[in-house]
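Here's a quick look at ring pairs and helix packing. Have the structure open as you read.

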Amino acid sequence: MKEDKNQEKNHAPEKKKKNLFLRAIFVLFLISTTAVVAAGGFASGVVAGIIKTAPEIDPTNILSTLSESSVIVDEKGSIIEKIHDPNENRDIIKLEDIPKDLVNAFIAIEDHRFFDHMGIDPQRIASSLLYNFQVGDPTAQGASTITQQLVKNLYLTNEKSWERKVKEIYLAVKIERVLSKEQILENYLNTIPLGQSSYGVQTAARTYFSKDVKDLSLAECALLSGAAKSTVAYAPFNRYSMADSVNIPKEDIVGYVVIGSVQYACVFNQKAVDRQRLILDQMLEIGFIDEQEHRDAISQDIRLSLNPGQTKMEEISTLPTDYVKDRVIEDLMGKKGMSRQEAERLLYRGGLTITATIDVNMQKSLEEAYRNFSINYLGEKSEGDNPVGEEWRYFKWVDGNSVGSLDSYKNVLNEYGQTIFYKKENILDEAGNLYLSSDEFYRDENGCLVLHTKKFDIYSSSVDIVDCYTINEENNFVSHTMGSLNIGSSLEVLEKKGTKGKFLITKDFLDKNPDVFSVGDDGLLRVSKDFFYYQEDGIVQPQSAAVILDYRTGKIKAMFGGRNIEGSKTFNRAADAARQPGSTIKPLSVYLPALNMGYSAAYILEDLPRTNEKGERWPKNWYEYKDVKYWGKMTLRKSIEQSVNTNSVNMLEKIGLDASIQSLASLGFINTENPAEDTFVTPQENPVYNDVNLASLGLGGLTNGFSPLAMTAAYGAIANDGVYVEPIVYTKITDSRGEILIDNIPKTQSVSTPEAASLMKDILRSTVYNGLSYKAKLPDEMGIEAAGKTGTTQDCGDFWYVGFTPYYIGGIWVGNDNVQMKLSGDSGNNARLWKNIMTHIHEGLAPAKFERSNNLVPVQVCKQSGKLPTDLCSHDQRGSQVITEYFIPGTEPREKCDTHVSVEICTNSGLLKSQYCPGNLLEQRVFVTRNKDYDKSYSILDQAYQVPSAVCSNHTQWHYDQWINGQNDSTEEGGDEEPAESENTEETQDNNEGEILDLTD
């Protein structure tokens, strides 16, 4: 019965196009309107004038002009986030995909003579005029048809006026002349606002029921159509902030939604159900449904049916998708020539589908690891008074260098002893007002207020308040930004050294603003909290960022931009924070170019004292705190494994700064064509402070630094056998028609020979298994190898670890947003964090080991010379120095070791034998030679194995003669036979030995 009645309605006669009929309808409209206008006292001709001001329209392309939500999907097509205009969320759908029940529900309640009129309904107009006349309000009740509503939604405003109504009726008739009823319905159902920023029935179905419109039941269709009358009064549910939802009964909360990282409660709206019943009754009365369908719909529990839809996955933060959107906008501008405004409009209103590279499971795993930061980073839960990861010792000077970071009041100091964070209670009172003690202010003779305190930083036209900190329940240091003192230009700087000094606030300002400053009975001066900014929530420190890439494709699989950061469009430290890379730069700027220039992993570098241009001993190594501060000879491989600073600088001097810069440029760090677009500082950009020097290129002490994303991508070139792949976060953009707008194929560049990259990969592998990066080793049972490098900057401001497996590469940075604040521990913590993250990322993957290039040649060499071994190399006093090392073809050693030598020494002095050293004290030993001069006041680890430079002076002719005489006596008494034992002989031997020992001590 239902289908028959629907057919009867939906196959109503096509609209009559005879001019006579149209004119009749339009004349009726004009007569009615003119009568009302005349009754209101308007002059003749007003209607015609209003019609002339109606907008020009083209009803044939309505859908193409509508905004449509874009969507970010993963590579499997699953939705990660819907992107839409904040005020208009829409998914366009064809009429054939909209259920008949929903179409009929709208017709029943909004315009049940829809198929019979020509854009306006004279009967409704007449009844509306009568009602409005009776109540004395000409705008009290409307008579809009579906066509008129479409006109209003598309071309006009919601203003209740006769002018708008005249335009609405005129344009409705105009649309009816061009479009069929079905086309009007399709446009209407895609434009109608239905609450919660949902426009059109498809988006509304997703918003209220988390399902496609085609899957709605009759009851749900009737409920949805009710919101057309008022999106405020009849929306199926309304959103409340979590604070406002506290007193709402639990049964009325049908779910929660997250918008911009803020959670809202969705509260059931009984008025919507009341209107739904009215609509169902109307549908029954018209004949759209029968009695049974009516009963079934009424019995459906709407509370249970409501299921608030999410515009993004709840399980992950907005940061990765924010980065996707940023890159899309940039690429639309760069590749399609759009302005930023055009690109943003297309993104938010153009119905784009963006295929992101983000792996949702990896992203969830990465974020989960950071929720347990203390355990994954430190290896244990932080306890006690020390905040997680921060240097927390009292400040003092030791041999001209500062140690610690706290003053006696637990304010945080930088390395120069200046306060960079006040403990909150040391600068703000309980009410949040800033306070100064009596010795920090006074009134001068003119009534001006003079302030002389370290709590302010003084600049030429403003005064900033020094930031403060708190420690939260999780034992995290939380920094709180303090703004400027809002006193305008009413200040005068009296004294200033750096940013500290003395300034006054004028009496005129004080008189006009008596509430700004006040002195209490306690003698403290308080500055009202209304006159400066205080960041209430603060930012957890230390901060951290991480990136996981598929280094073969450049695809970003997961990205983390900051700890405990909420909200969208937040600062993305993974992509945008430039920080000094420390020792993680060494493989990229020094050793990889060295290998490509023909140096080998067995090349010998000498860790010896050296000085800078000021004559200061520089650089120092991580083992500077030990008694022995230098290790002497070591291979290039071991220099990387142990991150030896002196050897990195030594190697950089050998290859030259130009080779280092060229390597960094090929790895994407330096933009030679447009230097302003990179973070590397050239002498042309700043002749005084730039990055073309040994400290920057050899040790990572850059002016600005590089981002975690850039560092991770660069290491990816090593993992990928010398091919750098530009990191991408999406693979393609398709428009609303399904056509590819941008096919995002990453740029690739060969930055190293495959052999040099493979050798560097092997060195970084041994850095994990034999070197400082041992904490990054994945569990043995996984059978997956790891390679990588730690990095620490001067004064422990930044910790890094960038590492890779045969599957993925991950880079992790940890540091404070204020670079002057020191971290505790070392970059081994980053290696531990990397291991804990990558262990979960690699769960379920098959065991895998790195494959060396088949072109690398294994050769046995001496690790003290890097040359082919001789017999002496096996008899080094430390044990055999023969190792197997891998060489790029053509770099294999051809010469034999000349570093090991065999010399005769006096065992009594340990020096070269003299002509007087007794023969029984002489011994042939194997030593190494060192031709490089150095400051002998510093001990070298291998110093004991270096050929002695001095000759023994402990013995004289007499010692030698005593030894000779002892030899002769032995021969005369027994020749070659063993002498007979006697007390006299033993005494003689004992006395002789004793004499020798006595003389030599």
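## Aromatic rings

Which residues form one aromatic cluster? They are Tyr370, Phe373, Tyr377 and Phe560.

A word on the ground rules: this is a predicted model, where local features need pLDDT of at least 70, side-chain atom pairs count only at pLDDT 80 or more, and totals for chains, interfaces and linings use all residues. Residues are numbered from 1 along each chain as its sequence is written, and side-chain values use heavy atoms, with hydrogens and water left out.

## Around Tyr469

Rings of Phe, Tyr and Trp (its six-membered ring) pair if their centres lie within 6.5 Å; planes under 30 degrees apart are stacked, over 60 edge-to-face, the rest tilted. That rule gives 22 aromatic pairs. Take Trp392 and Tyr469: with ring centres 5.7 Å apart and planes at 85 degrees, the pair is therefore edge-to-face. Trp392 sits in the loop between helix H18 (373-378) and strand E9 (396-398), while Tyr469 is in strand E18 (residues 468-471), 77 residues apart. Helices (H or I, at least four residues) and strands (E, at least two) are DSSP runs, numbered from the N terminus.

Tyr469 also pairs with Phe477: their centres are 4.7 Å apart and their planes at 20 degrees, so this one is stacked. Both Tyr469 and Phe477 are buried, meaning under 20% relative accessible area (1.4 Å probe, protein chains only).

## Charge over a ring

Lys936 lies over the face of Tyr934, 4.4 Å from the ring centre. The cut-offs here: NZ of Lys or CZ of Arg within 6 Å of the ring centre and within 35 degrees of the ring normal.

Methods
Buried < 20%, exposed > 50% of the residue type's maximum accessible area, 1.4 Å probe, protein only.
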